[in-house]
Amino acid sequence: MIAPGAEVDPRARIGARSRVWNLAHVREDATIGAECVIGRGAYVGPGVRIGDNCKVQNYALVYEPAVLEDGVFVGPAVVFTNDVFPRAVNPDGSLKSAEDWDAVGVTVQAGASIGARAVCIAPVRIGRWALVAAGSVVRSDVPDYALVAGVPARRIGWVGEAGFPLVDEGDGRWRCPRTRHGYREHDGILIREEDLA
């Protein structure tokens, strides 16, 4: 479903049962998977790849060449940057064009969530099932299952697949209070116990 007032380039690919809401702008060669929601006023840049079952909330800006894997949540007014050294003009004063810079992207891995008004400064990778708190500025990679917050964002805990902060059981063991899944931490990396077998 593409709402009246949404602008979707005919070269974009939109998966089955996905919805693009009013004032959203989906550029050429963008790919949006099945069962996705692209909110009001959201921007999806040229060639951006979005997996299945993703939500890009109102007024989020997903600049190319971002990649969102399956099940990613992008909160309202989130910004994914794509230029390490932004300038409007070249040193000679001429207006910059696409040929005058190399775009770098944000990669958000499966199940991760980015809170409202967070800014992710490319190039950066947000790990699987990680959670970026609202208003954070992410300028370095975020490990799988990490809960990060602040400016700049720093890890303040761990979260499980349900999104709830994990409970520290000591000796590098963590548990989700909702699902009861167990995790092990080693050298700043968290791994689900089921994946250790």
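Here are some notes on this predicted model, grouped by feature.

1. **The open sheet.** Let's start with the strands. Eight of them form an open sheet in the order β3-β6-β9-β12-β15-β18-β20-β21, and the pairing is mixed. The edges are taken by β3 (19-20) and β21 (154-158); each has a single partner strand, so one side of each has no neighbour in the sheet. As a reminder, strands of a sheet pair through backbone hydrogen bonds, either parallel or antiparallel.

2. **The β3 end.** Here β3 pairs with β6 (residues 37-38) in the parallel sense, over two bridges.

3. Strand β18 (residues 131-132) runs parallel to β20 (residues 146-149), and two bridges join them. Within that pairing, L131 has L147 of β20 as its bridge partner.

4. **The loop at A116.** A116 sits in the loop between β15 (113-114) and β16 (119-120). With 30% relative accessibility, A116 is partly exposed. Which residues does A116 contact, leaving aside its neighbours within four places in sequence? They are G75, P76, V78, A134 and G135. P65, for its part, is 51 residues from A116 in sequence, and the C-alpha to C-alpha separation is 21 Å.

5. **Cysteines.** How many disulfides does a search of the whole structure find? The answer is zero. For C54, the closest cysteine sulfur is that of C36, and at 4.7 Å this is too far for a bond. C120 is in no disulfide either, as its nearest cysteine sulfur, that of C54, is 14 Å away. Both residues are buried: C54 has 1% relative accessibility, and C120 has a relative accessible area of 0%.

6. **Salt bridges around R128.** The whole structure holds eleven salt bridges. One of them joins the side chains of D144 and R128, at 3.2 Å from N to O. D144 is in the loop between β19 (137-138) and β20, while R128 is in the loop between β17 (124-126) and β18, so this pair ties together parts that are 16 residues apart in sequence. R128 is partly exposed, at 31% relative accessibility. R125 joins R128 and D144 in a network of salt bridges.

7. **Two further salt bridges.** R192 pairs with E161, and their closest N and O atoms are 2.9 Å apart. This links distant parts of the chain, as R192 belongs to strand β25 and E161 to the loop between β21 and β22 (167-170), 31 residues apart. Are the two partners buried or partly exposed? R192 is buried, with a relative accessible area of 14%, whereas E161 is partly exposed at 22% relative accessibility. E169 and R175 also meet through their side chains in a salt bridge, at 3.1 Å from N to O; E169 is partly exposed, with a relative accessible area of 42%.

8. **A nonpolar patch.** I189, I191 and L196 make a nonpolar surface patch of about 250 Å². I189 lies in strand β25 (residues 189-192), and with a relative accessible area of 48% this residue is partly exposed.

Note on methods
Residues are numbered from 1 along each chain as its sequence is written. This is a predicted model: local features need pLDDT of at least 70, side-chain atom pairs count only at pLDDT 80 or more; totals for chains, interfaces and linings use all residues. Side-chain values use heavy atoms; hydrogens and water are left out. Patches are made of residues with over 30% relative accessible area and no salt bridge: like charges are joined within 9 Å, nonpolar side chains (Val, Leu, Ile, Met, Phe, Trp, Tyr) within 5 Å. Accessible areas come from the Shrake-Rupley method with a 1.4 Å probe; for residues, only the protein chains shown count as cover. A salt bridge is a side-chain nitrogen of Lys or Arg within 4 Å of a carboxyl oxygen of Asp or Glu. Helices (H or I, at least four residues) and strands (E, at least two) are DSSP runs, numbered from the N terminus. Buried means under 20% relative accessible area, exposed over 50%, partly exposed in between (1.4 Å probe, protein chains only). Two strands pair if DSSP finds at least two bridges between them. A disulfide is a pair of cysteine sulfur atoms within 2.5 Å. Contact means heavy atoms within 4.5 Å.
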